[in-house]
Amino acid sequence: MRVCVIGSGYVGLVAGAGFAEIGHTVKCVDIDERKIDALNRGEIPIYEPGLDALFARNRREGRLTFSTEVGEAVASSEVVVIAVGTPEREDGSADLSAVLAVAKSVADSMSGFTVVACKSTVPVGTNEKVREVIASRAKHPFAVVSNPEFLREGEAVEDFMHPPRVVIGTNDARAEHVMRALYAPLYGYYDAQGRIICMDPRSAEMTKYVANAFLATRITFINEMANLCEAVGADITHVRLGAGTDPRIGLHFFFPGCGYGGSCFPKDVQALLRTARNHHHDLTVLAAVDRANDSQKLVPFLKVKERLGGSVAGRTIAVWGLAFKPETDDVREAPAIYIVKALLEEKALVRAHDPIGMANFRRLVTEDATYCDDMYEALDGADALVVCTDWKAYRTADLAKIASRLKGRIVIDGRNIWAEQPRPAGLAYDGIGLGIR
Ligand code: NAD
């Protein structure tokens, strides 16, 4: 099939390369000329493991091309996938301006029956809005399908190629047929195992928010239990195993840390709360999750401050991990932002390291830290180390070397990566919910 993917960010690039990998001819479009120029030179502007191989192979074989020209790309495509950003607005709602702008250009450029599949995360009712915009300008028949994306950054290629499910939201039989054909190379047209789930558009839109809201809730629940473990002298590492091995509970997304971040959970939680308010509905659990996560992000900062006698002013703090999670360069809403900003506001000096996300953090968050290419170099002269992201390189770090390079002896492990490891004597180690050790 001929597919046009509009928006070449974390989702659009992976979806574009993924659709090409399963045999479709894909044109990826973006308004960002620099991004498209880079892609046309063979450079991938984001870090996503495994994407480079798909990108190179499908470009070489002519199934994957890039352009800023939306008109021509849409006119030659049977399916147009919308994958532009839907950032949070000030009132918490999702900003749909890019989605609706794309809808207009699509309407003006279609050359025959076109299926417009929205992969961007959008509030309930957006499918109808997109349909209205296109209907007011289009000269050809079309259908708008809600096709939310569930991939995880850092594992996006694997998730796209082997999705636990594909949600297709449409009431239009012809559009359902096109979407089933689009995904058929993954699981077959009829998908005997039921991983292709068809439903009405509103339910599809809601599904994405329910999934993210639930995962944010699980993380926040185990974080709160960890904080309580600490207060009562229990150890969350044991407790999560004892509770999570119950198959009704499970261990996935049941790991305590310094809060969730990223480009999705925070804004999707806000958007769902906004949707609920618009419908005069109180989401009490989710509102509490949002508040609790805000506090959780500052736990490592408060711990380091307390260990340093109540003030970080004039002290040097090493921060390991700036990306919102490992295996990505995405720093959007990363807990490290809140921790580094709090440290800087209270006049600490910050020496920061991240294997991949450092350039983005420096550009998007602050210049006022010392950025170190080597993780151990960040420890030089530091009174304490705070770990914000559980990169593999940190998990396997040499704790004796950390102890000897740090000037102070304080390690605050915001991801509990060393909780179960023997630690050198004299290291003042603390994690999240580890109780009395
Ligand atoms: P992103 O910011 O990485 O990429 C969005 C891209 O859209 C940018 O390259 C931008 O230049 C482009 N764009 C904006 N307006 C445009 C326009 N009018 N025409 C063409 N291109 C335009 O965003 P992302 O992380 O890829 O997320 C995209 C959507 O997918 C969001 O709605 C997000 O919530 C959702 N989503 C993201 C993830 C994730 O892990 N990042 C997972 C699932 C769903």
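**Exercise 1. Aromatic pairs**

Count the aromatic pairs in this predicted model, then classify the pair formed by Tyr189 and Tyr190.

*Solution.* Start with the count: the structure holds nine aromatic pairs. This model is predicted. Now take Tyr189 and Tyr190. Their ring centres are 4.8 Å apart, and the angle between the planes is 80°. Planes over 60 degrees apart count as edge-to-face. The pair of Tyr189 and Tyr190 is therefore edge-to-face.

Next, check accessibility. Tyr189 has 25% relative accessibility, so Tyr189 counts as partly exposed. Tyr190 has 69%, so Tyr190 counts as exposed.

**Exercise 2. A tryptophan pair**

Describe the geometry of the pair Trp320 and Trp418. Then say which parts of the chain the pair ties together.

*Solution.* Geometry comes first. Trp320 and Trp418 lie 6.2 Å apart, centre to centre. Their planes make an angle of 75°, and the pair is edge-to-face.

Now locate each residue. Trp320 lies in strand S9, residues 316-320. Trp418 lies in the loop between strand S13 (410-413) and strand S14 (428-430). The pair therefore ties together parts that are 98 residues apart in sequence.

Are these residues buried or exposed? Both Trp320 and Trp418 are buried. Finally, widen the view: ring pairs link Trp320, Tyr376, Tyr394 and Trp418 into a cluster.

**Exercise 3. Charges over rings**

Find the ring that lies under the charged end of Arg174. Do likewise for Lys297.

*Solution.* Begin with Arg174. Its charged end sits over the ring of Phe113, 3.7 Å from the ring's centre. Turn to Lys297. This residue lies over the face of Tyr338, and the distance to the ring centre is 3.9 Å.

**Exercise 4. A surface patch**

**Exercise 5. The setting of Gly435**

Locate Gly435 and name its contacts beyond neighbours within four places in sequence.

*Solution.* Gly435 lies in the segment after S14. At 22% relative accessibility, Gly435 is partly exposed. With those sequence neighbours left aside, Gly435 is in contact with Cys229, Glu230, Gly233 and Ala234.

Notes: Residues are numbered from 1 along each chain as its sequence is written. This is a predicted model: local features need pLDDT of at least 70, side-chain atom pairs count only at pLDDT 80 or more; totals for chains, interfaces and linings use all residues. Side-chain values use heavy atoms; hydrogens and water are left out. Rings of Phe, Tyr and Trp (its six-membered ring) pair if their centres lie within 6.5 Å; planes under 30 degrees apart count as stacked, over 60 as edge-to-face and the rest as tilted. Buried means under 20% relative accessible area, exposed over 50%, partly exposed in between (1.4 Å probe, protein chains only). Helices (H or I, at least four residues) and strands (E, at least two) are DSSP runs, numbered from the N terminus. A charge sits over a ring if NZ of Lys or CZ of Arg is within 6 Å of the ring centre and within 35 degrees of the ring normal. Contact means heavy atoms within 4.5 Å.
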